[in-house]
Amino acid sequence: MLPIAALVWSSRSEGRQAFWDAVMSPQAVAALKLTVGAAFLVALVNAVLGTVTAWVLIRDDFRGKSVINSIIDLPFALPTIVAGLTLLALYGPQSPIGIDIAFSRLAIVAALMFVTLPFVVRTVQPVLSELDQEMEEAAASLGASELTTFRRVILPNILPGILSGFALGFAKAVGEIGSLVIISGNLPYKTEVSSVFILGQIESGNPAGAAAVAVVLLVISFAILLGVGAVRHFTTRYERA
Amino acid sequence: MRRYALRFVALFYLAAILVAPLGIVFYRTFADGFRPAWEALSTPETIHAFKLTLLITVIAVPLNTVFGVVCALAIVRRRFPGKGLLNAFIDLPLALSPVVVGLSLFLLYGRTGWFGGFFERHDIQFLFALPAMVVATIFVSLPFVAREVVPMLREIGDEQEQAAKTLGASGWQTFWRITLPSIRWAVIYGVILTTARCLGEYGAVAVVSGRIQGETETATLRVEERYDSFDLAGAYAIAIVLALIAIAVLLAMTAIKPREEPA
Amino acid sequence: MSIRVRNVSKRFGAFTALDDVSLEVEGGSLTALLGPSGSGKSTLLRIIAGLEVPDAGEILISGADATDLKPQKRNVGFVFQHYAAFKHMTVRDNIGFGLSVRKHPKAEIRNRVDELLRLVQLEAFGHRYPAQLSGGQRQRMALARALAPEPEVLLLDEPFGALDARVRAELREWLRRLHEEVHVTTIFVTHDQAEAMDVASQIAVMNSARIEQVGSPTTLYDEPLTEFVMQFVGEANRIGDRFVRPHDLEISLDPVTGGVETMVDRITQFGFDVRVELMPAAGDQLLVQLTRDRLDELELERGQIVWVTPANEHTFTARGAAVGAV
């Protein structure tokens with residue numbers, strides 16, 4: 001807790017005006033918009049694709065499924081800087097398949113997708129596997145098509161898992177740095193994310209400014225975590241009979 | 001029909017984002033054979049970088065393991081004021097950006113920071129030296145052991161421990177002979193995750209280390225340094241070593257996971 | 001509303017669940033599929049519902065071939081042993097689900113749900129969630145839910161299996177009265193022969209993927225066609241290759257020709273009924289059921305030697321029946 005306190009304190013060390021100046025500087029704002037926007041987009045896409053992946057892993061069966069299941073954890077095991085480098089190799093200037101998105105916002109999205117991929121998959125898997133399949137059979141016997149059954153019976157029950165994964169993924173993406181330093185190019189106003197901006201501020205001797213932006217990031221992360229937690233709480237009220 | 005479509009989507013997603021990039025790097029690194037990669041790896045700075053990463057990991061992991069197990073026991077088996085806070089606190093590093101972690105340490109222990117004066121007076125170099133890097137790494141890899149052990153402790157319940165106590169075992173004996181063996185796979189899994197995190201840490205260490213080549217540069221920092229110096233081959237070589245370790249970690253995780261899952 | 005099962009077979013890997021099974025169920029009747037675990041009864045029920053597809057054979061519902069129809073199209077109501085409640089929906093929404101899926105107007109759904117809540121006596125619980133109900137209440141909700149879309153057939157898979165004895169007895173009674181009121185063709189699966197005898201008008205006894213016998217409770221009890229049915233429905237004593245019901249064994253204090261010499265092992269009184277366990281010199285223990293008056297007449301004691309003779313017995317050939325009624 002102490003470091004956080006120090007952070008908040010220090011960010012105010014030069015007064016409220018300096019705080020706002022630092023936070024509202026065009027470069028900081030650009031970085032923030034990019035960071036939050038990219039993180040949100042990525043968390044959303046991963047929520048959908050991660051759910052599909054979890055579904056395939058739990059409900060489908062095919063050779064090599066357990067290998068695929070293990071690969072999901074790769075982003076947890078691989079150093080983020082290595083991840084950035086590998087994405088650069090495949091989707092950068094020397095790309096063998098001719099896709100070059102290096103130093104662009106797309107690169108940021110790709111790197112963040114890598115880093116946050118496991119979250120939704122891993123939070124949805126246990127929920128899905130514990131789902132009572134008889135509920136689906138009951139829905140079928142009552143006349144519900146497969147799509148309707150998914151929409152009205154399955155989805156509401158796996159939603160808490162999806163939301164958790166979304167929140168965790170978002171929090172991670174907002175603070176991500178290792179995978180982005182190389183592939184994004186860190187161009188201010190274009191491809192500079194907040195974490196890189198903060199690093200830059202520290203290295204140019206402006207720790208207070210860095211702290212100010214860091215506090216904003218912190219607040220956003222916490223807001224998302226609390227917000228999603230609240231939504232989760234609300235959507236699972238039927239369990240707390 | 002739909003099943004194949006879903007399967008295809010999932011597999012394509014995974015391949016494009018995870019598998020293909022890794023494959024390329026392997027290919028590129030060894031495209032010209034082993035020699036250039038080996039040479040890149042044997043420069044003194046690079047060797048030092050690996051040693052430093054290893055040293056930090058070897059310090060951080062045991063500390064976090066002990067801390068994690070103790071906290072898990074406290075959270076699951078005891079009541080005390082502020083328990084919820086402890087629980088949330090442990091999860092905190094997962095929600096924080098590593099750079100923010102580094103920054104707070106920087107502010108706290110820097111020359112003008114709250115504790116900076118203390119270190120200055122005793123002539124201990126904290127920032128831009130090993131201590132800061134170790135503390136940063138400890139902080140970011142804090143949660144893993146606790147997060148694995150807590151659900152396992154909950155699932156197992158404390159009946160075995162109660163039985164041991166009625167048979168006359170002391171607290172320590174109960175812990176060592178009953179509790180610890182029952183959670184050992186969760187602990188091991190947590191240790192693996194912690195180790196992977198320590199090895200791969202970048203952001204926090206980047207802030208507090210000063211990135212002095214040959215002194216405070218870890219393996220991950222060195223990858224970036226090589227890239228910035230246009231030594232792509234060198235960067236790849238170090239990355240490959242880290243990737244290989246990561247794959248070993250992944251295999252270990254896969255092997256242990258089924259045993260770690262509470263029955 | 002009638003159901004015909006014709007030569008249905010089903011295998012799961014190496015395990016044969018149903019082997020050339022045929023059955024006729026009259027419209028409006030209340031039939032039980034009775035048998036031990038693994039006999040195939042649940043599989044048969046699920047095939048009738050469309051939740052499983054048979055490897056061979058046909059299912060006809062009201063004369064029309066339903067074998068290839070998905071469950072959605074069969075208009076059957078299904079009740080699960082563990083309720084399968086939609087736990088994220090209220091009781092009202094659960095019950096109304098079948099109607100809302102068919103896009104009935106909201107007012108109509110509301111009325112029908114009210115009607116059913118009254119029927120199953122859950123009026124006060126409409127806005128609760130399943131987690132807030134007891135097991136018995138959840139099963140009543142499940143029944144209401146299955147009945148809401150006015151199915152042609154009602155199928156219940158060990159519906160009372162997860163409930164405790166008292167609730168089970170209540171719901172049994174309840175199901176019988178419900179059937180009298182609603183008259184929908186009902187088939188339920190159970191392994192409890194007392195339950196089957198109590199509720200159903202027709203019972204199909206199943207064993208090892210086959211149907212052994214179909215008949216009314218009395219028929220099965222008095223005229224079992226196979227050894228399995230004899231022993232599964234009601235209790236049976238075995239003397240050599242003869243089978244005798246406990247109340248068909250007569251005890252006499254003096255030796256009787258053709259009788260078996262036994263020793264009294266244990267006497268238990270259940271109110272007016274008395275059960276006496278006897279050990280013969282060779283063979284299995286025998287069970288005799290008498291009235292208390294008869295017990296007093298005989299003045300039986302533990303360790304006493306008595307003779308038993310069957311008043312009525314059954315014998316069976318190796319695989320089928322041979323009715324031996326003496």
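How many residues of chain A are in contact with chain C, and how many of chain C with chain A? The count is 18 residues on chain A and 21 on chain C, where contact means that two C-beta atoms, placed from the backbone, lie within 7 Å.

Before going on, a note on the source: this is a predicted model, in which local features need pLDDT of at least 70 and side-chain atom pairs count only at pLDDT 80 or more, while totals for chains, interfaces and linings use all residues. Residues are numbered from 1 along each chain as its sequence is written, and chains are lettered from A and ligands numbered from 1 in the order in which they are written.

Back to the side of chain A that touches chain C. Two elements give two or more residues to it, α8 (133-141) and α9 (146-175) of chain A. The most come from α8(A), with six residues. Helices here are DSSP runs of H or I, at least four residues long, and strands are runs of E, at least two, numbered from the N terminus. By type, this side has nine nonpolar, five polar and four charged residues. Ala, Val, Leu, Ile, Met, Phe, Trp, Tyr, Cys and Pro count as nonpolar, Asp, Glu, Lys and Arg as charged, and the others, Gly among them, as polar.

Now the other pairs. Two pairs of chains are in contact, and chains A and B share the most contacts. Chain B and chain C have no contact, and their closest C-alpha atoms are 17 Å apart.

Chain A itself has 12 helices and zero strands. Of its 241 residues, 52% count as buried; buried means 20 or more other C-beta atoms within 10 Å of the residue's own, exposed means 12 or fewer, and partly exposed is in between, with C-beta atoms placed from the backbone.

Next, the cores. A nonpolar core is a set of buried Ala, Val, Leu, Ile, Met, Phe, Trp, Tyr and Cys residues joined through C-beta atoms within 7 Å. The largest has 154 residues, of which A111(A), L103(B), A136(B) and A239(B) touch the most other members. Helix α3 (residues 26-59) of chain A gives the most to this core, 14 residues. Apart from it lies another core of 97 residues, including L117(C) and L290(C).

Last, chain B. Helix α12 (residues 219-228) of chain B is largely enclosed by the rest of the structure, because eight of its 10 residues are buried. Among them are L221(B), R222(B) and Y227(B). After α12(B) comes F230(B), with a positive phi near 60 degrees.
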